[in-house]
Amino acid sequence: MTPPHEGRLPPAQEQLPGTGRHTGDAVAERLARAGLTRVLEPGDSRGGQWLRRLGPVALLDRLRGEGPPLPGATAGRMAGLRLRARDARPELDLAAAREAGARFVCPGDAEWPAQLDDLGDARPLGLWVRGTPSLRFWALRSVALVGARACTDYGAHAAGLLGAGLAERGWVVVSGGAYGIDGAAHRATLGAGGATVAVLACGVDSPYPRGHAQLITRIAEQGLVVSELPPGDHPTPSRFVLRNRVIAALTRGTVVVEAAYRSGALSTARAALRLGRAVMGVPGPVTSGLSAGVHELLRGEGHLVADADDIVELVGGMGELAPAKTGPVLPRDLLPDRLGRTLEAVPAGPGGSLERIARGAATSTDETVANLHELLALGFVERGGENWKLTRQALSGGFPTCDDPVAKVPSCPDHAP
């Protein structure tokens, strides 16, 4: 009789497809990484070096045990890390995540966004993810929209337009869930039926700021809420800044809508520049301190953007170009040169005689008469006795345009016989 496991590993040691790891190893690594999120602070590159050299299981065991300090760590730091490591209970954190509808995604998983590896030793140990979509799939076509918390009405309006515009074009909007620009971007994207991701500086089950608890819950229901920190963990000022590197690495480009010189949003832009991502800014009033940081960014390596088309041109695929932007076409722009010269020669106010208009247009009186009658039929001029003058519509520009389906301009080239 053939042994039950001949030809394959025992169930606890089966190899995970595409990973080269065995299930037992993978479970141990996942537990260790989850535990280390309680021990190492986000973006700890020294901890990332230890992880790379020892592996997650050996590193957590080393921090839980005795022995000499790890390379580059002082005795004081080792004491603090060991205190944290002894209190880490990854099984309880994973259970709390499941209770909150979240999961733990770590390098090697099919859902892990490979672009986070660009952070090197500062990449996350893993990510706690709340929501049903695939983080890896969503991150492939995503843009970060960030900016000031105490934003102006202009900034909130601009962020809303960009968020909705990107959603309509099938792009995922990533932001930090904060007040101001972040909230405006998230809300506009959700309102447009789009996809949005909130990257938090706290546990995914403990939304912060508290005033955005309802918004973040809605994002978790329709999109994704992501954090490096385990369930129940709290935010700190340094964690907000370090969180921004994840936003920059996760996305194809970062757009800063409003930011003062000392703004956390600019740290996201700087991280994006270091990673070789596109960095963009929305200009604001030169008198606004909340636009000063953006303008400084634009003076450097940032790209000026005004709408979603501009953003997609920079971060999208080949051929996704923004349409050329032009001013409005006025009715007089559609006139042939001969009529345009005659119209320019008609003086404002009481008007002028045929001879005066002919001299101004440098044409014969016969040709001027024909041109004036054509302009009369088009509504540009009117006759008062021996004088010709501009109509009120001509002075105000209120003419039917070439695109008006009711009243076409006969001399428009598109409608010429």
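Reader: How many residues does helix α16 have, and what does it reach from its first C-alpha to its last?
Author: Helix α16, residues 365-378, has 14 residues and reaches 20 Å, close to the 20 Å expected at 1.5 Å a residue, where the expected span is 1.5 Å times one less than the number of residues. Helices (H or I, at least four residues) and strands (E, at least two) are DSSP runs numbered from the N terminus. This is a predicted model, in which local features need pLDDT of at least 70 and side-chain atom pairs count only at pLDDT 80 or more, while totals for chains, interfaces and linings use all residues. Residues are numbered from 1 along each chain as its sequence is written, and side-chain values use heavy atoms, with hydrogens and water left out.

Reader: Which residues of α16 are buried?
Author: Thr368, Asn371, Leu372, Leu375 and Leu378 are buried in α16, buried being under 20% relative accessible area, exposed over 50% and partly exposed in between, with a 1.4 Å probe and protein chains only. Seen down the axis of α16, these buried residues fall within an arc of 115 degrees, so they line one face of the helix; the arc is that of the directions from the helix axis to the C-beta atoms. The face turned away from that buried side carries the exposed residues Asp366 and Ala377.

Reader: And what covers the buried residues of α16?
Author: The cover includes helices α14 (337-345) and α15 (354-361), together with strands β11 (381-384) and β12 (387-390).

Reader: Since α15 came up, which of its residues are buried?
Author: In α15, the buried residues are Leu354, Ile357, Ala358 and Ala361. They cover an arc of only 100 degrees around the axis, which puts them on the same side of α15. Arg359 and Gly360 are exposed on the face turned away from the buried side, and what covers the buried residues includes α14, β10 (352-353), α16 and β12.

Reader: What is the phi of Ala362, and where does that residue sit?
Author: Ala362 has a phi near 55 degrees, a positive value in a residue other than glycine, and its place is in the loop between α15 and α16. At 70% relative accessibility, Ala362 counts as exposed.

Reader: Changing topic, at what angle do α3 and α4 pack?
Author: Helix α3 (residues 56-64) and helix α4 (residues 75-87) pack at about 105 degrees, with their axes 8 Å apart. That makes α3 roughly perpendicular to α4, a label for angles of 65 to 115 degrees, whereas under 35 counts as roughly parallel, over 145 as roughly antiparallel and the rest as oblique. The contact (heavy atoms within 4.5 Å) is made by Leu60, Arg62, Leu63 and Arg64 of α3 and by Met78, Leu81, Arg82, Ala85 and Arg86 of α4.

Reader: Where is the cis peptide bond?
Author: It joins Tyr208 and Pro209, with omega about 5 degrees, and Pro209 lies in the loop between β5 (196-200) and α9 (213-222).

Reader: Last one: is Ser288 buried or exposed?
Author: Ser288 counts as buried at 17% relative accessibility, and it is found in the loop between β8 (278-281) and α12 (292-299).

Definitions and conventions:
Axes fitted to C-alpha atoms, helices over the stretch in contact; angles between N-to-C directions.
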